[in-house]
Amino acid sequence: MHLRVVTDQPWDVPADVLVIPISAKPAFDGPLGELDRRAGGELQALVAFGEVSGKRFATALAAGGETSSGRLLVVGLGDVATLDREAVVRVAATSERRLGGRTVSRLAIWLTPLADGLAGGATAAAEHVARGVVEGSYDPRTIYRDEVETTPPILDELILIAPGADVAALTRAAERGIVIAEGANFARTLSNRASNDVSPAVLADEARAVAERHGLWIDVIEPERATELGMGMFMAVGRGSDNPPRMIVLRSGEEGERDALDRHLALVGKGVCFDSGGISIKPAAHMDEMKMDKTGACTVIAAIATVARLAPGTPLLAVAPAVENMPGPHSTRPGDIVTALNGKTVDVTNTDAEGRLILGDALTYAERLGATHLVDVATLTGAVSRALGHLVTGAFGAPQSFYDEVMAAADRAGERYWQLPLIDDYRRDMDSWYADLQNSGSAEGSLVKSGLFIKEFVTKPWVHLDIAGTAYYHKTTPFAPKGATGVSHATLVELALAGARAG
């Protein structure tokens, strides 16, 4: 797709479709009034008829009239006072998805209504609109099907219209947004692929391909070596499957090298390629979605690739413990005692609380590789979706200063998180008669306890992102299809790029 930024008026730009963002109760004066006049009053007529409300993500198509575009696509912004980067990404994605099944090669988007209401102005609007269009073009139905009639159009050209703007600055911003979106879409495809397609070994092969493309160092730890190293929790989860586990490690930069913020940052992602629950087996309903339990691993693999594209050589680690959690003759049983890589003993009281086990050993290993700051991302608990739904990711962190650093990256990325407390008083509920701790306590406060368990295996500044509610949608939305969302990818990229060296 060719990207072009122009400073012409929106009605003068030739395109198949011109996207016109409008607020709730729009005033048809200035450029919007001129667009309406050239459309023969059709925009005001659609508002009067109720076809166009300005409600966020609502859309309507109209003839191009005397503009230079074949069609006009009106997309609602809602209350512009609440417009943020997340909303801009989703408005742009909605525009692309609204055109599914249509023949569109050149799409033009008028940035001014978005830039006027957004912190960061036209530059931020350009980046997040371009990102939204590319993310909106994603359709997981094409992974295994040759033809999908209603897929979003494959664009030859994206035209961003910003009268009076700095073309070079907006072009750089938009190109950045496209790269981030392409990384998110890569993570989405890996996540959406079926479990009989992506085993731990296949995920390791995908990581090797990423390393080769982007000049990254890679190490894949297989079962025998993991056992020799003492990764008892990791192996406890993976031993029940005929598809053996892999601990995947990718690195940008030199071993132990610090970035411009004096960090050796590690991104750790849960990679359960299929989660049956093991001996503590899950109910049959929705078990097909457990192919998505590898989303954290897919996200960190994609994130280090994206950082390598935008700032090659930035010091960064990505660790992806990949397993299948299956019942079988060699599976870990409830009541088994295992020894973690850091030497702590764990009473496995619930084999379906497996993500925290593999993350614990992966975080310990990341520290051994020199990590000074760690972020893990995982589809960890059903409790987080019951608490926060499918639009807000739960987050824990210590110390607060590093948590705030991660949230600053999230603000730049346009992603929503909600901080959850690490209440040490709940730790006693995970005491075990037989071991240092057990991997599952009572249901009360289970979300907090999941964070407290992982905290047992870190000694450096650390943030845990529980994406179990936000990693994938159970049904389509105006801005995204059913399936993996790519959530947290942009946050991790922004966090890593904050430490990139200039030049």
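Cys-298 is buried, with a relative accessible area of 0%, where buried denotes under 20% relative accessible area, exposed over 50% and partly exposed in between (1.4 Å probe, protein chains only). Cys-273 likewise counts as buried, at 0% relative accessibility. The model is a predicted one, in which local features need pLDDT of at least 70 and side-chain atom pairs count only at pLDDT 80 or more, whereas totals for chains, interfaces and linings use all residues. Residues are numbered from 1 along each chain as its sequence is written, and side-chain values use heavy atoms, with hydrogens and water left out.

A search of the whole structure returned zero disulfides, a disulfide being a pair of cysteine sulfur atoms within 2.5 Å. For Cys-273, the nearest cysteine sulfur is that of Cys-298, 7.3 Å away.

Helix α10 (residues 295-310) packs against helix α15 (residues 489-497) at an angle of about 45°, with the axes 9 Å apart. Helices are DSSP runs (H or I, at least four residues) numbered from the N terminus; axes are lines fitted to C-alpha atoms over the stretch in contact, and angles run from 0 to 180 degrees between N-to-C directions. Helix α10 is therefore oblique to α15, since angles under 35 degrees count as roughly parallel, over 145 as roughly antiparallel, 65 to 115 as roughly perpendicular and the rest as oblique.

Contacts (heavy atoms within 4.5 Å) join Thr-299, Val-300, Ala-302, Ala-303, Thr-306, Val-307 and Leu-310 of α10 to His-489, Leu-492, Val-493, Ala-496 and Leu-497 of α15.

Note on methods:
Helix = DSSP H or I, 4+ residues; strand = E, 2+ residues; numbered from the N terminus.
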